[in-house]
Amino acid sequence: MKQGLKGSVIALSVLAIGVFAVRGAAAAVVDYVGYAYETGGLVPSDPGDQLAVACTVSQIDPLFQVDLGTQEATLFIEGLVSQGATVNQTTGTATTLYTGGTIAVYASFDHNHDWGVSPPNPTAPSTFIDGDLVFMGDFTSFTLVMQASGSGVFQGTIDATGGTALAGPCSDCSYTIAGTFNDLTGANIPAGYDLQVDGILDVDSAVDNENISWGDLKSQFSAGN
Ligand SMILES: [Ca+2]
Ligand SMILES: [Ca+2]
């Protein structure tokens with residue numbers, strides 16, 4: 001599933017570049033894993049509930065100039081406001097749109113990340129938002145789709161607002177995120193977190209957000225299920 005998802009996203013990006021090519025750069029990727037939590041738990045996702053995600057970065061494109069051999073990179077998402085889950089009564093699939101929200105990537109030589117339990121807590125998010133700010137952005141969309149099994153996918157688009165990465169070749173890149181998550185019964189989810197998340201932040205230097213269609217992406221997931 002993980003590889004399939006990445007393949008889908010990259011394939012879509014390559015397709016979009018092929019159609020709308022301006023400078024022909026390939027997509028750059030940040031790969032991350034971690035845990036998410038929402039006000040009162042992800043079920044139910046009521047209007048106004050806020051979603052946050054704390055992750056460690058397992059792979060990061062050289063574009064971001066972070067050396068994971070010596071540095072810890074972390075990713076933190078916060079302030080995504082639920083518009084309330086819509087549940088398909090036939091399939092049990094819950095779709096939740098979120099508004100607002102920010103995403104940030106940090107790098108530091110201090111390998112201190114600690115999810116702890118019952119976030120927010122003394123180490124989360126504090127140990128995920130320390131060090132140098134590599135990238136920061138505002139969400140322009142975020143959607144989470146949870147199947148009846150409790151597993152699902154998420155996808156979002158981002159307007160970059162800051163961080164050292166923007167000083168490089170990516171001042172006008174477009175950013176999208178996508179990923180999968182496992183249900184509450186998945187192994188080793190710290191108490192107080194709702195989901196185990198595995199995703200990517202995808203950077204495209206010559207593609208408008210609109211060229212990566214959420215409908216196309218969703219159909220890719222559906223085909224895989
Ligand atoms: Ca909730
Ligand atoms: Ca840290």
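Ser118 lies in the loop between strands S5 and S6, strands and helices being DSSP runs (E, at least two residues, for strands; H or I, at least four residues, for helices) numbered from the N terminus. In this predicted model, local features need pLDDT of at least 70 and side-chain atom pairs count only at pLDDT 80 or more, while totals for chains, interfaces and linings use all residues. Residues are numbered from 1 along each chain as its sequence is written, and chains are lettered from A and ligands numbered from 1 in the order in which they are written.

Ser118 is not a glycine, yet its phi is positive, at about 50°. The residue counts as exposed because 11 other C-beta atoms lie within 10 Å; the class is exposed at 12 or fewer such atoms, buried at 20 or more, and partly exposed in between, with C-beta atoms placed from the backbone. Pro120 has its place in the loop between S5 (102–108) and S6 (132–146), and the peptide bond from Pro119 to Pro120 is cis, with omega near -5°. Pro125 also lies in the loop between S5 and S6. The bond from Ala124 to Pro125 is cis, with omega near 15°. Most residues other than glycine have a negative phi, and most peptide bonds are trans.

A positive phi, of about 55°, is also found at Gln65, which is not a glycine. Gln65 sits in the loop between S2 and strand S3 (72–87). Gln65 counts as partly exposed because it has 15 C-beta neighbours inside 10 Å.

The chain contains two helices and nine strands. Along the sequence, these elements follow the pattern α-β-β-β-β-β-β-β-β-β-α. Of its 225 residues, 39% count as buried. Among contacts with a separation of 6 or more, 68% are between residues 24 or more positions apart, a contact being a pair of residues whose C-beta atoms, placed from the backbone, lie within 7 Å.

Strand S1 (residues 28–38) is mostly covered, with eight of its 11 residues buried. S1 runs antiparallel to strand S9 (residues 195–204), to which nine bridges join it; strands are taken to pair if DSSP finds at least two bridges between them. In this pairing, Tyr35 stands opposite Gln196 in S9. Nine bridges also join S1 to S2, and these two strands run antiparallel. Here Tyr32 stands opposite Val57 in S2.

The largest nonpolar core has 54 residues, of which Val30, Tyr35, Ala36, Ala54, Val57, Val105 and Val134 touch the most other members. Strand S2 (residues 50–60) gives the most to this core, with seven residues. A nonpolar core is here a set of buried Ala, Val, Leu, Ile, Met, Phe, Trp, Tyr and Cys residues joined through C-beta atoms within 7 Å. Not counting residues up to four places away in sequence, Tyr35 touches Ala54, Trp115, Ile189, Pro190, Tyr193, Leu195, Gln196 and Val197.

Thr56 lies in strand S2. Thr56 is partly exposed, because 16 other C-beta atoms lie within 10 Å. With neighbours within four places in sequence left aside, Thr56 is in contact with Tyr32, Val33, Gly34, Thr74 and His113. Thr56 and Asp31 are 25 residues apart in sequence, and their C-alpha atoms are 8.6 Å apart in space.

Asp194 is found in the loop between strand S8 (174–182) and S9. Asp194 counts as buried because it has 21 C-beta neighbours inside 10 Å. The C-alpha atoms of Asp194 and Glu38 are separated by 7.2 Å, although the two residues are 156 residues apart along the chain.

The mean pLDDT of the chain is 82, and 75% of its residues reach 70 or more, where pLDDT is the predictor's confidence in each residue, from 0 to 100. Over residues 1–25, pLDDT stays under 50, and the model has 38 contacts beyond four places in sequence for this stretch. The pLDDT is also below 50 over residues 220–225, a stretch with three contacts in the model beyond near neighbours in sequence.

Methods. Two residues are in contact if their C-beta atoms, placed from the backbone, lie within 7 Å.
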